[in-house]
Amino acid sequence: MIDIGGAVAVEAIDEASRDQPDAEHRAAGVRGVAAHYGDPLREQRTLATGVGLVDRSHRGVVAVSGPERIGWLHTLTSQHLAALGPWQGTELLVLSPHGHVEQHAMVTEDGTTTWLDTEPGTTAGLLTYLEKMRFFSQVEPRDATADHALLSLVGPQATDAVATLGVTGLAAPEVLAVPGPKFRSGELPPRPTVRYDVQPLTAGGWARRVPLGVDLLVPRPALDGTVAELRAAGVPAAGLWAYEAVRVAARRPRVGVDTDHRTIPAEVGLIAPAVHLDKGCYRGQETVARVHNLGKPPRRLVLLHLDGVTTDQLPAAGTPVTLDGRTVGFVGTAVHHFELGQVALAVVKRNLADDARLSVGDAAAAIDPE
């Protein structure tokens with residue numbers, strides 16, 4: 001956790017929170033992260049209008065080395081990785097045989113190692129899957145969470161802030177348009193569906209431009225020095241609560257929180273950033289193709305406005321969304337947003353009307369029509 005006065009750790013507020021290192025990583029010296037630094041709403045406003053530094057060092061990090069790593073990961077996951085070059089990033093999914101989302105990872109290639117950073121608590125599952133699929137491939141996946149930590153510069157001024165670390169000219173993300181149903185083979189270019197610009201950091205690690213700002217992967221021995229350098233340049237710290245509120249407002253789902261065991265990529269907006277629809281076979285590909293060609297995933301991700309009148313307590317992830325007493329979906333991440341008030345991401349039935357009068361627990365809820 002960034003050592004700043006007023007920091008309140010996530011686990012001090014919620015001992016059961018998934019936003020803390022798992023037991024193995026904690027034993028290896030990975031510290032918890034701050035929920036906030038005393039003023040969560042001000043921290044949100046900073047991220048929305050300027051830039052703030054968010055400690056996300058509880059995320060899992062898997063490093064894959066070996067000469068066959070790119071082609072190997074290409075065959076195992078949903079993304080087209082064969083053309084991923086040095087100092088480029090993207091996103092990928094690991095799907096079940098039935099096409100349900102099991103793992104999501106951000107990806108960075110530095111020319112010698114492919115880095116996968118993923119949700120806290122899911123590293124062991126991802127690594128176990130990769131180890132099982134090695135066979136005779138010349139690849140070496142390993143858990144690098146104890147060695148490397150993720151920080152995020154979040155906000156419209158993130159690229160200005162990262163110049164403090166000697167990184168300039170990071171290009172904005174390049175996202176391919178999702179083709180329509182029954183598109184022609186070859187219509188989608190053979191490259192990752194989203195490309196993130198990456199540059200090396202002088203202290204080791206790298207900076208990656210992403211939709212919410214710039215991610216920094218740094219060796220853990222350089223973590224405190226990197227934080228101090230950014231803080232000395234005037235970049236304020238912001239807690240994970242602020243980051244989550246910005247993410248929810250941007251409608252970016254978090255796998256394992258805003259998804260369940262039945263979620264398929266098309267339901268939660270993960271096709272564009274993480275699924276190449278014309279790359280060939282991988283586990284779960286048949287379901288992805290069938291749903292895309294039919295054009296009707298059974299559920300969809302929405303932003304819910306909660307009335308906040310009957311209670312100011314946010315609903316827990318997994319709380320049912322109901323219509324006239326009938327369950328029509330579930331809540332994922334719920335936050336107090338500095339402008340929107342109480343809002344939440346939710347997965348609901350596809351045919352649910354945008355003006356439906358919904359309930360989440362004792363609170364009335366309404367879908368934001370975008």
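This is a predicted model: local features need pLDDT of at least 70, side-chain atom pairs count only at pLDDT 80 or more; totals for chains, interfaces and linings use all residues.
In helix α10, which spans residues 285–294, the buried residues are Thr287, Val288, Val291 and His292. Because these residues cover an arc of only 125 degrees around the axis, they lie on the same side of α10. Glu286 and Leu294, on the other side of the helix, are exposed.

What do the buried residues of α10 pack against? Their partners are β5, residues 88–95, and α9, residues 271–274. After α10 comes Gly295, with a positive phi near 75 degrees.

Let me turn to the nonpolar cores. The largest one has 25 residues, and those with the most contacts inside it are Leu53, Leu153, Val162, Ala207, Val214 and Leu216. At least two residues of this core come from each of β9 (148–154), α6 (158–161), β13 (213–219) and α7 (223–232). Apart from this core lies another, of 24 residues; Val101, Phe183, Ile271 and Val288 are among them. Val288, you will recall, is one of the buried residues of α10.

Leu153 deserves a slide of its own. With its neighbours within four places in sequence left aside, Leu153 contacts a list of residues including Val51, Leu53, Ala158, Val162, Val214, Leu230 and Val235.

I now come to the barrel. In which order do its six strands close? The order is β15-β18-β17-β16-β19-β20, with antiparallel pairing. From one strand to the next, the twist averages 40 degrees. Thr322, for instance, has Thr327 in β17 as its bridge partner. Helix α8, residues 240–249, lies across β15 (299–306), β17 and β18 (341–349), and runs at about 130 degrees to β17.

Is Asp19 buried or exposed? Its relative accessibility is 10%, and buried means under 20%, so Asp19 counts as buried. Two polar contacts of its side chain should be noted. One, of 3.2 Å, joins Asp19 to the side chain of His58; another, at 2.4 Å, is made with the side chain of Arg254. Not counting residues up to four places away in sequence, Asp19 touches Val10, Val33, His58, Pro120, Leu240 and Arg254. Leu240 belongs to the residue range of α8, the helix that lies across β15, β17 and β18.

Thank you; I shall be glad to take questions.

Note on methods. Residues are numbered from 1 along each chain as its sequence is written. Side-chain values use heavy atoms; hydrogens and water are left out. Buried means under 20% relative accessible area, exposed over 50%, partly exposed in between (1.4 Å probe, protein chains only). A polar contact is a pair of N or O atoms within 3.5 Å; within protein, one must be able to donate a hydrogen and the other to accept it, and residues adjacent in sequence count only if both atoms are side-chain atoms. Contact means heavy atoms within 4.5 Å. Two strands pair if DSSP finds at least two bridges between them. Helices (H or I, at least four residues) and strands (E, at least two) are DSSP runs, numbered from the N terminus. Axes are lines fitted to C-alpha atoms, for helices over the stretch in contact, and angles run from 0 to 180 degrees between N-to-C directions. The arc is that of the directions from the helix axis to the C-beta atoms. A nonpolar core is a set of buried Ala, Val, Leu, Ile, Met, Phe, Trp, Tyr and Cys residues joined through side-chain atoms within 4.5 Å.
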